[in-house]
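The exercises below each set a task and then work through it step by step.

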Amino acid sequence: MDLVLHNGTILTMTEKSANAVAVCNGRIRKFERVPAQEEIDLEGKTLIPGFIDCHTHFVSMGMRLSNVDLSDTRNLQEAVSRLEKRASETERDRWVLGFSWDESMWPERRWLSPEDLAGIENPVCAMRIDGHMAVLNPAGKKALHREEGYLFEEDLFYVSEIKADQDLEQAFEAALSLAHREGVTSIHDNPMDIKTFLLYQKMKSRDLRIYINLPASVLDAMNQLNLRTGFGDEWLRIGGIKIFTDGSIGAKTAALSFPYRNEETKGLLVYSDQEMTSILEKAHPNQTAVHAIGDRAIEQVITCSVPGKESRNRIEHAELVRDHHIPTIKELGLLLSMQPNFFQWSHPGGLYDDRFGTGLDNRMRTLTEAGIPIVFGSDCMPFSPLYGIEQATKAPFEEQRLTAMEALAMYTREAAYASFEEDIKGTIEKGKVADFVVLSDDPREVDISSIKVEMTIVGGKVVYRQ
Ligand SMILES: [Zn+2]
């Protein structure tokens, strides 16, 4: 054997229990403390399967890590100062990129404006946390030959152009190291372009398993080549077809059946029902991963879906599911790929309250009890399964809370099902890949906020040790 782990609590995420786990050639082989090249004494800590984050924007996150991260700014001025500081360290004509500002966390409660950034001579582009909106400063507008200081939705491809001259490999490395610190051993990623696939190809087998949802724009090429969901191996695999139906609640572009608070707009649908039907038909029998946040968007997905449970079609986010959607979601066999992290905005007085005039929960408990499969992802807001699990157990509306074990399953066992990989990962069972996380404590026993990732193991190799 190559590795044996013992003397801890082992949460196999199955009915069976184990006292020790032995690994050979990257796979789980035995549940005994047998002689091995490397022996890890868990010292009473808790071993779980590696986290599978079902919704990431991995390279963008890496970009954020290697550029100006605004996610933890406490007010608007702090965001401006960080961008100014980076500009002062950057050559005059080079871009300064900011990521993840969130005005709902600032006392000002307003978007960053081009005028706020007018004092910076470098071109600046600062993306809002939801990735559906960005602001440019005057120099940035000039550099892109644009009149308006805000970029929305499809205009955001300008940002990927700006990013093109940044170092992608460096961004990947930054994101990978965070993944290992957070216990993430697999991701389901959603890049905007095929270039990212080539990057992953180059960085393959770097101790992270990647399931890559490809944008609908490459559907024709995929069909011509007969490329299908599942193509690849346990390290890099083609996933579903990512299709957008609407935007985000923060940017007021999620498609609702009612107007946003103090606004006329009900958000927007990217496609007509007819267009959506034709895209979904074209994508079939590949898996589809359809971004739908507002109830009107979810309605469109279920109206236009092609029946076929074997495709394991997914709705990404699925935030405002209504009761009358539930029977159809079940009938179509749709999986809901949800983000417990978003509870950070749904409490009374939070962003959703601002947008809707009422606090509104992702109804995870209701949906689970209805028997709808839910898988969890972070959407990199923040990139931390433990944070999400904590949020799920502390949802603002008590009746929607999940237990720690339910939330943990959605980040491991259930998550493996979403990529058709339940035979090789998601639980600690013989024959499965040896991807593990060592947690400081048992999530069944202590408050999740006090638990730390102590060690991450991918394919039997320790990739992170606290
Ligand atoms: Zn996303």
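**Exercise 1.** Determine how many residues of helix 13 (residues 385-393) are buried, and name them.

*Solution.* The model is a predicted one, and the criterion to apply is that a residue counts as buried if 20 or more other C-beta atoms lie within 10 Å of its own. Applied along helix 13, this criterion marks eight of the nine residues as buried, so by this definition the helix is mostly covered. The buried residues are Pro385, Leu386, Gly388, Ile389, Glu390, Gln391, Ala392 and Thr393. For the background, 50% of the 466 residues of the protein count as buried.

**Exercise 2.** Work out the strand order of the open sheet formed by five strands, and find which helices pack on it.

*Solution.* Begin with the order, which is 8-9-10-11-12, with mixed pairing. The edges are strand 8 (68-69) and strand 12 (150-152), each of which pairs on one side only. Next, take the end of the sheet where strand 11 (residues 133-136) and strand 12 run antiparallel, joined by three bridges; here Met133 stands opposite Phe152 in strand 12. Then turn to the helices: helix 1 (residues 58-66) packs on the sheet by touching strand 8 and strand 9 (96-101), and its direction makes about 115° with that of strand 9. Helix 2 (residues 76-88) also packs on the sheet, touching strand 8, strand 9 and strand 10 (124-128), while its direction makes about 155° with that of strand 9.

**Exercise 3.** Identify the residues with the most contacts inside the largest nonpolar core, and list the contacts of Leu83 beyond its neighbours within four places in sequence.

*Solution.* The largest nonpolar core holds 136 residues, and those with the most contacts inside it are Leu83, Cys125 and Ala126. Leaving aside neighbours within four places in sequence, Leu83 is in contact with Val68, Val96, Gly98, Leu117, Ile120, Val124 and Ala126.

**Exercise 4.** Describe the overall fold through its element counts, its radius of gyration and its domains.

*Solution.* Count the elements first: the protein has 15 helices and 22 strands. Its radius of gyration is 22 Å, close to the 23 Å that the globule rule gives for 466 residues, so the protein is as compact as a globular protein of that length. Among contacts between residues at least 6 apart in sequence, 69% join residues at least 24 apart. Finally, the domain assignment gives domain 1 (1-50 + 428-466), domain 2 (68-164) and domain 3 (167-425), and the centres of domain 1 and domain 2, taken over C-alpha atoms, are separated by 42 Å.

Technical notes
Residues numbered from 1 in each chain as written. Predicted model: local features only at pLDDT ≥ 70, side-chain atom pairs only at ≥ 80, totals over all residues. Helix = DSSP H or I, 4+ residues; strand = E, 2+ residues; numbered from the N terminus. Rg over C-alpha atoms; globule rule 2.2 N^0.38 Å. Buried ≥ 20, exposed ≤ 12 C-beta atoms within 10 Å, placed from the backbone. Contact = placed C-beta atoms within 7 Å. Pairing = 2+ DSSP bridges. Axes fitted to C-alpha atoms, helices over the stretch in contact; angles between N-to-C directions. Core = buried A, V, L, I, M, F, W, Y, C linked by C-beta atoms within 7 Å. Domains from an automatic or database assignment.
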